[in-house]
Amino acid sequence: IGADFGGGSGSDPILGNHGLQYYNLDNIEDITTDNLPITVSSEDIGLYTGFKECHNLIINEESGYLYAVGTDTCSGGLHIIDIKTDPGNPTFVTCFSDEGYIHDG
């Protein structure tokens, strides 16, 4: 989701409650086929629970904001998250929902 972190979310209404799952990729270069499978420490993974479902994630690397669209919050509009200040602890910034549901960014 920026810098040394990767992330993902889901919009499956049946499985739901995905939130934003994120992973520290700092040591990804050290992974080879010789040391598979790898063990991931709980310190290297996290879950942002500001929304349960999300259709799409957009990142502005310059500002450090992640824009989640099609969420179950903000009337489906932009759910804006700061991922620059502390990438291991994404924080909610604000909503933009004047236009209602946004499907793709």
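Does Cys 74 count as buried or exposed, and at what relative accessibility? At 10% relative accessibility, Cys 74 counts as buried, where buried means under 20% relative accessible area, exposed means over 50%, and partly exposed lies in between (1.4 Å probe, protein chains only).

Some ground rules come before the rest. The model is predicted, so to speak of local features takes a pLDDT of at least 70 and side-chain atom pairs count only at pLDDT 80 or more, while totals for chains, interfaces and linings use all residues. Residues are numbered from 1 along each chain as its sequence is written, and side-chain values use heavy atoms, with hydrogens and water left out.Overall, the protein chain has zero helices and seven strands, and along the sequence these give the pattern β-β-β-β-β-β-β. Helices (H or I, at least four residues) and strands (E, at least two) are DSSP runs, numbered from the N terminus. Of the 105 residues, 29% count as buried. The chain exposes about 6,600 Å², with carbon and sulfur atoms supplying 49% of that area; accessible areas come from the Shrake-Rupley method with a 1.4 Å probe, and for residues only the protein chains shown count as cover. As for contacts (heavy atoms within 4.5 Å), 42% of those between residues at least 6 apart in sequence join residues at least 24 apart.

Four of the strands make up an open sheet in the order S4-S5-S6-S7, with antiparallel pairing. Two strands pair if DSSP finds at least two bridges between them. Strand S4 (56–60) and strand S7 (91–96) sit at the edges with a single partner strand each, so one side of each is left without a neighbour in the sheet. On average, neighbouring strands of this sheet are turned by 25 degrees against each other, direction ignored; the axes behind that angle are lines fitted to C-alpha atoms, for helices over the stretch in contact, and angles run from 0 to 180 degrees between N-to-C directions. As background, strands of a sheet pair through backbone hydrogen bonds, either parallel or antiparallel.

Next comes strand S6. Four of its five residues are buried, so S6 is largely enclosed by the rest of the structure. Four bridges join S5 to S6, and the two run antiparallel. Five bridges join S6 (residues 78–82) to S7, again antiparallel. On the S7 side, Leu 78 has Phe 96 as its bridge partner, and Ile 81 has Phe 92.

His 79 also belongs to S6, and Ala 68 stands opposite His 79. At 2% relative accessibility, His 79 counts as buried. The side chains of His 79 and Thr 73 are joined by a polar contact of 2.7 Å. A polar contact is a pair of N or O atoms within 3.5 Å; within protein, one must be able to donate a hydrogen and the other to accept it, and residues adjacent in sequence count only if both atoms are side-chain atoms. Leaving aside residues up to four places away in sequence, His 79 touches a list of residues including Tyr 48, Phe 51, Leu 66, Tyr 67, Cys 74 and Phe 92.

That leads back to Cys 74. The chain has one disulfide, a pair of cysteine sulfur atoms within 2.5 Å, and this disulfide joins Cys 74 to Cys 95 with S to S at 1.9 Å. The pair links distant parts of the chain, with Cys 74 in the loop between strand S5 (65–69) and S6, and Cys 95 in strand S7, 21 residues apart. The torsion about the S-S bond is about -55 degrees, so the disulfide is left-handed. While Cys 74 is buried, Cys 95 counts as partly exposed at 35% relative accessibility. Another cysteine, Cys 54, is buried with a relative accessible area of 2%.

The backbone at Cys 74 deserves a look too. Most residues other than glycine have a negative phi, and most peptide bonds are trans. Phi of Cys 74, however, is near 55 degrees, a positive value in a residue other than glycine. Phi of Ser 75 is likewise positive, near 55 degrees, in a residue other than glycine. Ser 75 lies in the loop between S5 and S6, and at 56% relative accessibility it counts as exposed.
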